[in-house]
Amino acid sequence: MKSLFVLNCKEKRTMSLKHFLMVVLFVGLATSCKKDDDNNDDLQNQNIPNVAFDTGGLINTNLPQYNQMQFAGNSVVLGNTYGINGVVVYYAGGINYSAFELSDPSHPLSDCSNLSVSQGAATCNCDDEKSFSIVTGLALNGTNSQFPLKRYSVEVSGNIIRVFNN
């Protein structure tokens, strides 16, 4: 009878240890996940404020001023009515469009942080002349930048290219 009691105690101790390890594992997993893991607020660029805008039906590829957007490799620049210092919209072909803010993400907003577009690159007017790809928004070779260009949403419906940021 005595040996049966010892066996029961060992089983209870083993079960308690298993439960303890399960609780520790569960608590560890639960506290390691954050609700906003997919949110990049920690990487938010303080140089570029978030502004809401919508081009609506402005970019119509049937109109002469936007006709070039029917052909891959072309871009249009929208003035500062859209975005902060304007927006560049690039057409890569097929259904692939990109739209970026024309403010250098590496500098606080100023006269020199405006970007000028030429030959697939957006370059700032500051002394360091940082350049970014208007296709990807990433810094080009020789440019050191913690942030890429601010990307805007693009939606295409027939001949209308809508660029927006809400």
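The following paragraphs treat the nonpolar cores, one threonine and the cysteines in turn.

This is a predicted model. Its largest nonpolar core contains 15 residues, of which Ile59, Met69, Leu78, Val87, Val89 and Val163 touch the most other members. At least two residues of this core come from each of strand 3 (74-78), strand 4 (87-93), strand 5 (96-101) and strand 10 (160-165). Strand 4 provides the largest share, three residues. Beyond residues up to four places away in sequence, Val89 touches, among others, Ile59, Met69, Leu78, Tyr97, Ile161 and Val163. A second, separate core comprises eleven residues, including Val88, Leu102, Ile134 and Leu149.

Thr55 is located in the loop between strand 1 (53-54) and strand 2 (59-60). Because its relative accessibility is 6%, under the 20% limit, Thr55 counts as buried. Its side chain reaches the backbone nitrogen of Val163 at 2.8 Å.

The whole structure holds one disulfide, which joins Cys112 to Cys126 with an S to S distance of 2.0 Å. The torsion about this S-S bond is about 75 degrees, so the disulfide is right-handed. Cys112 lies in the loop between strand 5 and strand 6 (115-118), and Cys126 in the loop between strand 7 (121-124) and strand 8 (131-133); the pair therefore ties together parts 14 residues apart in sequence. Cys112 is partly exposed, at 27% relative accessible area, whereas Cys126 is buried at 6%. Cys124 is in no disulfide, and the nearest cysteine sulfur, that of Cys126, is 4.2 Å away. With 2% relative accessibility, Cys124 also counts as buried.

How values were computed:
Residues are numbered from 1 along each chain as its sequence is written. This is a predicted model: local features need pLDDT of at least 70, side-chain atom pairs count only at pLDDT 80 or more; totals for chains, interfaces and linings use all residues. Side-chain values use heavy atoms; hydrogens and water are left out. Helices (H or I, at least four residues) and strands (E, at least two) are DSSP runs, numbered from the N terminus. Buried means under 20% relative accessible area, exposed over 50%, partly exposed in between (1.4 Å probe, protein chains only). A polar contact is a pair of N or O atoms within 3.5 Å; within protein, one must be able to donate a hydrogen and the other to accept it, and residues adjacent in sequence count only if both atoms are side-chain atoms. A nonpolar core is a set of buried Ala, Val, Leu, Ile, Met, Phe, Trp, Tyr and Cys residues joined through side-chain atoms within 4.5 Å. Contact means heavy atoms within 4.5 Å. A disulfide is a pair of cysteine sulfur atoms within 2.5 Å.
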